[in-house]
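Dear colleague,

Please find below the structure that I am handing over to you. My notes on it follow directly after.

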Protein chains: 2
Amino acid sequence: MKLKEFAKLVGMSPTTVSRALNGHPEVNEQTRARLIAAARQHGYSPNAHARSLATGHASVIGCVIPMTGRNEIVNPIYADFLAGVGEECARRRFDLNLSFVADDDQAQAYRALKSKGLVGGVIVQFPGHDDPRPAMLQQMGLPFVVHGRVSGHRAPYSWVDVNNQSAFERATGFLLQLGHRRIALLNGDERLDFAHRRREGYLRALRDAGVEADPGLMVTGEMTTAYGYAHTRRLLEGANPPTAILCAATMIAAGVQQAAEERKLALGADLSVLCFDDDLSYYANREAVPVFTGMRSPVRVAGQRCAALLIDRIGGGEAPPVQELLEAELVVGRSTAPPRQPR
Amino acid sequence: MKLKEFAKLVGMSPTTVSRALNGHPEVNEQTRARLIAAARQHGYSPNAHARSLATGHASVIGCVIPMTGRNEIVNPIYADFLAGVGEECARRRFDLNLSFVADDDQAQAYRALKSKGLVGGVIVQFPGHDDPRPAMLQQMGLPFVVHGRVSGHRAPYSWVDVNNQSAFERATGFLLQLGHRRIALLNGDERLDFAHRRREGYLRALRDAGVEADPGLMVTGEMTTAYGYAHTRRLLEGANPPTAILCAATMIAAGVQQAAEERKLALGADLSVLCFDDDLSYYANREAVPVFTGMRSPVRVAGQRCAALLIDRIGGGEAPPVQELLEAELVVGRSTAPPRQPR
DNA sequence: CTGAAAGCGCTTACAG
DNA sequence: CTGAAAGCGCTTACAG
C-alpha cells in the first residue's frame, strides 16, 4: 500500500497522513491516534527507500564484517555483542545492516556504505592498535561508534569499551595475592587494541609486585578452546610450569581445563585459572559459585551501548563524541586457590 | 557524490553512466570499462534508496530475529548459519538486513518489511511444525526460502534442509548395531520441525530393530551444554540408565561429557555418545578421529544455499520453488563403543 | 549507441 | 490545522 492509497482510504491528504505518522506537532492528537491505528490495521508502513531518499537518512545502522580467515560472526563473543545491538535496535526501531566483505576491501566497503546511503552510521569492531578506520570515517563524514578503542587515533571519537587494563591488572593482582608468582597469560591477538591493553594491565601488576615477567609465559593468538588447550599442554610440559593461568576468554579457559584434566590436575587446587568472562549466553559461567573465577563484563551490554550511542549520534546532528568506559567485576569461582607448595 | 556530478566529471550523460554501471547491453564495452574504473576511483556508488525506489527492488535479503527469551542470534548454530548466508551475500554483492522484533510482533514484522520495501526477500528460520509464516509470506508476495521445512504447509515453497529423519535413523541404527538397547535421545525443542523429524528417525530405527521406545529416555529442550549436563546426570542416576546417548547438538554432547566425567565414566567405553554435528566453527569436533562420533552436516553450507536460492528467486521473477535436501554424514569418533557387559 | 524527461513514493518548505 | 507542489537521486521507456 502506498501513501496516496492509504490517505484516500482514511480521507486525508497524503501530507497530513505523513505528518501524523512522523509525529509532527502541527497535527491534531486525535487525528494522529486515528491515523496510527488505521495504518497498523491496514498494514501500511511508508516505503523505506522513498522515505530515506526524501529525508536523507535511514533508520539503519551498519556493521562491516570481514570475510577472510575466520568469519567474525561465528565468534561467540561477537554473537553476544550483536545480540546487544539487536536489543537496542528493537527498542529504537532501527534495523541492522550487515555487509560482508573481503578483508582487503574494507576501506572500499565503508566508502560504498556511505555513498550508497544505506545506513545512517556504523559500529567499528575489533579495532587494531593503529586502526585506520576512525580517521577514514571522520574524513568521510559517516557517523560511527567504536567498540573498544584505537590508542593510536588522537582526535576525539565515540567509543564504548571495558577497562581492559584495569581488569587484567586486578586479575593479576588477585593471583599474586594468593601467592602465585608464575602466572601465564593466554591473551588474544595483541594486534588488537583490547589485547594490547590487557597485557599492559598484566605487566603493570607484575611490576608493582616486583615479579619479573617471563616472555615464555605470555602467549597471543585467537581466543578458542583449541588455543587454550594447546598452550596449556605445552606450558605444563615445560621445565618450570606456571601455577596460575590468566586467560582472555572463557573459551580459552575451557581449553585450559581440558589440558589440566588430561594431566589429572584439579583446577582451584593444583592449577589456578582466571579468565576474562564476557558473560556469554552459550558459554555460561554463572553458577552461584562459578566454575571459573573471572573478570565479568557483559559484552551484550557493550553492544547495547554502542547501538544507543550511534543511534543518538545519527539523530542528534553534530553532538560532541561520547565515551563510555565499563568496569569488569571480579567474581571468585572454583578455579583459583593459593599455589601448591612444591613437593 | 551523485550521479549527476559523477556524469559531469566523466563527460557523459547520467543516462549513459547509469546504463554502463548496470550492465545494460546498449553501451560500448570500452565506455563501460572506463566508467566502472572511474566510479571505483572516485568512490561513486549509486544511492541505494534512489535506486531501489526506481527499480522497485533492493539488493538486500532479510532475517527477522525474535527477541523474547533467548535471543536466537547468540545460538552458535545460528551464528554459523549466518556466516554461510554472509559468504553468499558477499559473493553476490547483497547485504543482509536483520530486524529484531518482539516475539508476538512477528507477523507484523514481516508485513512491515514487505511494506517498507527494505528487503527483496527473507530467510525463514526455526520453522515450527505448523509454522504460519510460509502461508503468510506467500499471501503477502514476499519472496522467501525456509531453512528447514514446515511439515504442515502443503503448497510448494522453497526450502533447504538436511535430512534430519534419515540422519537420526542412521545414527540410532549405528548404536543399535553396536549392541545398545537403552539409547537416550536428548533432542531439541520438538515444537520445531527439525526436532520433530529427528525423533521420527530415532523411533523408526528402534521400531525396525524391535526395540521398544522408552519415554523416560526421550527429552526435549533447548540445545545447550547445561541441558545436556542436567539430563545426563538425571538419567545416569536413574534405576535403568542408558548405555548410549544420542544428542541433537555438539553443545549438548559437551554437557553429557561433563556429567559422565563427574561419574568417572569414560566416553566410548562406559558410555557411548553420538551427536548431530553442525560442524560449528567454535564448537569444533574435527580432530582426525573426532572426540564425538557424529552425524556431520555443515550448517554453514545450508546458510549459503538458503541465501543463494533466495537471491536467485529475487532476481528470477516467477521461477517455481526449489528444494534442496542435504545429507548428514556419519563420522565415527572416540565416543562410541559396544555397551559394557552388565557386571 | 546516446540523451531529455517522466516517474518511483515519500517529506517538507510554502501558502493558506 | 491542512493541502498542492517541489524535490530527494536514481532508472528506463521513449525518441533520436
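**Domains of chain A**

In this predicted model, the centres of domain 2 of chain A and domain 3 of chain A, taken over C-alpha atoms, are separated by 29 Å. The division of chain A gives domain 1 (3-46), domain 2 (60-162 + 300-326) and domain 3 (164-297). Between domain 2 and domain 3 of chain A there is a contact, to which domain 2 brings 13 residues and domain 3 brings 15 residues. On the side of domain 2 of chain A that touches domain 3 of chain A, helix 5 (residues 76-92) of chain A gives the most, with 3 residues. That side of domain 2 of chain A consists of 7 nonpolar, 4 polar and 2 charged residues.

**The contact between the chains**

Chain A and chain B are also in contact, with 46 residues taken from chain B and 46 residues from chain A. On the side of chain B that touches chain A, two or more residues each come from helix 4 (48-55), helix 5 (76-92), strand 2 and helix 6 of chain B. Helix 5 of chain B gives the most to this side, with 9 residues. By class, the side of chain B that touches chain A holds 26 nonpolar, 14 polar and 6 charged residues.

Strand pairing joins the chains as well: strand 2 (residues 95-101) of chain A pairs with strand 2 of chain B in the antiparallel sense, over 3 bridges. Within this pairing, Leu98(A) has Leu96(B) as its bridge partner in strand 2 of chain B.

An open sheet of 12 strands, with mixed pairing, has the order 11(A)-5(A)-4(A)-3(A)-1(A)-2(A)-2(B)-1(B)-3(B)-4(B)-5(B)-11(B). Strand 11 (323-326) of chain A and strand 11 (323-326) of chain B stand at the edges with a single partner strand each, so one side of each has no neighbour in the sheet. On average, neighbouring strands of this sheet are turned by 20° against each other, direction ignored.

In chain B, strand 3 (residues 121-124) and strand 4 (residues 144-147) run parallel and are joined by 3 bridges. Val122(B) stands opposite Phe144(B), which belongs to strand 4 of chain B. Helix 6 (residues 106-116) of chain B packs on the sheet, where it touches strand 1 (60-66), strand 2 (95-101) and strand 3 of chain B. The direction of helix 6 of chain B makes about 165° with that of strand 1 of chain B.

With kind regards

Terms used
Residues are numbered from 1 along each chain as its sequence is written. Chains are lettered from A and ligands numbered from 1 in the order in which they are written. This is a predicted model: local features need pLDDT of at least 70, side-chain atom pairs count only at pLDDT 80 or more; totals for chains, interfaces and linings use all residues. Two strands pair if DSSP finds at least two bridges between them. Helices (H or I, at least four residues) and strands (E, at least two) are DSSP runs, numbered from the N terminus. Axes are lines fitted to C-alpha atoms, for helices over the stretch in contact, and angles run from 0 to 180 degrees between N-to-C directions. Two residues are in contact if their C-beta atoms, placed from the backbone, lie within 7 Å. Domain bounds come from an automatic or database domain assignment. Ala, Val, Leu, Ile, Met, Phe, Trp, Tyr, Cys and Pro count as nonpolar, Asp, Glu, Lys and Arg as charged, and the others, Gly among them, as polar.
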